Amino acid sequence: MDRPQIWLDFAPELHLFVSAPRRAGRTALRTDGTSTLGHVVESLGVPLTEVGGLLVDGRAVPEAHVPADGEEIAVRAVTRPQPSPVPPRFLLDVHLGTLARRLRLLGVDAAYENPDIGDAALAARSAAEERIMLSRDRGLLRRRELWAGAYVYSHRPAEQLRDVLSRFAPSLAPWSRCTTCNGTLQPATKTSVREQLQDGTERSYDAFAQCTDCGQAYWRGAHHARLEAIVTEAVRDFGHGQGSGEDQGRIGVVSG
């Protein structure tokens, strides 16, 4: 008996995951007759985290649908912003350290594992803490233990940041998190952080903040202008009416 033949059409946003012939539009595929549609799509290279919907002959079906002979299947991309049942919190793999620091700079809860703890442990932490796993590793994003996940499309940190902010629209609270450990910042006196200051810093600055978790001290340092530019652009384009860095009463800070 012949295996069922189905017809697949992938959204343009998903073309980078599939082979060149499948980027041209509707293409045929022979299935084994027992695999789910979710498995079929993943076997062609598309992580299910990037699938926004599956249509069979125009009707929505779940990933567990087993395609039958002759079915016309449209694989849609996720919508932006992507709905989340809870305010989005993130977990980033070892390759996304700069993105993690920039998300924290904007006050976004972004856990980061370095050194690498392995895919299984990352997936388990995502599930235990209800964090969205951010990665460029398709194998990691295919792990069933994940609470949620998202492929990071660019290798450039600035583009990565815009990708995540446009997709998940997290609330922004610039200058409120420690870029080192993801803890929260609170105002601090010069006396309380003096051990971390060099002579020039102690003479030149009077406004400080300190992480409530790791104790890292922060102040307006040499890199403030560069970080301020990142914050200003993000708040302008993705702040969704939230206050600017000045409105947050922040200290535009860079640790020593």
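1. Burial first: of the 256 residues in the protein chain, 47% count as buried (buried is under 20% relative accessible area, exposed is over 50%, partly exposed is in between, with a 1.4 Å probe and protein chains only). Bear in mind that this is a predicted model, where local features need pLDDT of at least 70, side-chain atom pairs count only at pLDDT 80 or more, and totals for chains, interfaces and linings use all residues. Residues are numbered from 1 along each chain as its sequence is written, and side-chain values use heavy atoms, with hydrogens and water left out.

2. On the overall build, the protein chain has eight helices and twelve strands (DSSP runs numbered from the N terminus, H or I of at least four residues for helices, E of at least two for strands). The C-alpha trace spans about 85 × 35 × 30 Å along its principal axes. Of the contacts in the chain with a separation of 6 or more, 59% come from residues 24 or more positions apart (contact means heavy atoms within 4.5 Å).

3. Now the helix pair. Helix 2 (residues 97-105) packs on helix 5 (residues 157-168) at an angle of about 55°, the axes being 9 Å apart (axes are lines fitted to C-alpha atoms over the stretch in contact, and angles run from 0 to 180 degrees between N-to-C directions). Helix 2 and helix 5 are therefore oblique to each other (under 35 degrees is roughly parallel, over 145 roughly antiparallel, 65 to 115 roughly perpendicular, the rest oblique).

4. Who touches whom there? From helix 2 come Thr 98, Leu 99, Arg 102 and Leu 103, and they meet Pro 157, Ala 158, Gln 160, Leu 161, Val 164 and Leu 165 of helix 5.

5. Ala 169, not a glycine, has a positive phi of about 45°, and Trp 175, not a glycine either, has one of about 70°. Ala 169 sits in the loop between helix 5 and strand 10 (185-188), and Trp 175 is in the loop between helix 5 and strand 10 too. Ala 169 is partly exposed at 27% relative accessible area, whereas Trp 175 is buried at 5%.

6. Check the cis bonds as well. Arg 80 to Pro 81 is cis, with omega near -5°, and Pro 81 lies in the loop between strand 5 (72-77) and strand 6 (90-92). Asn 114 to Pro 115 is cis, with omega near 10°.
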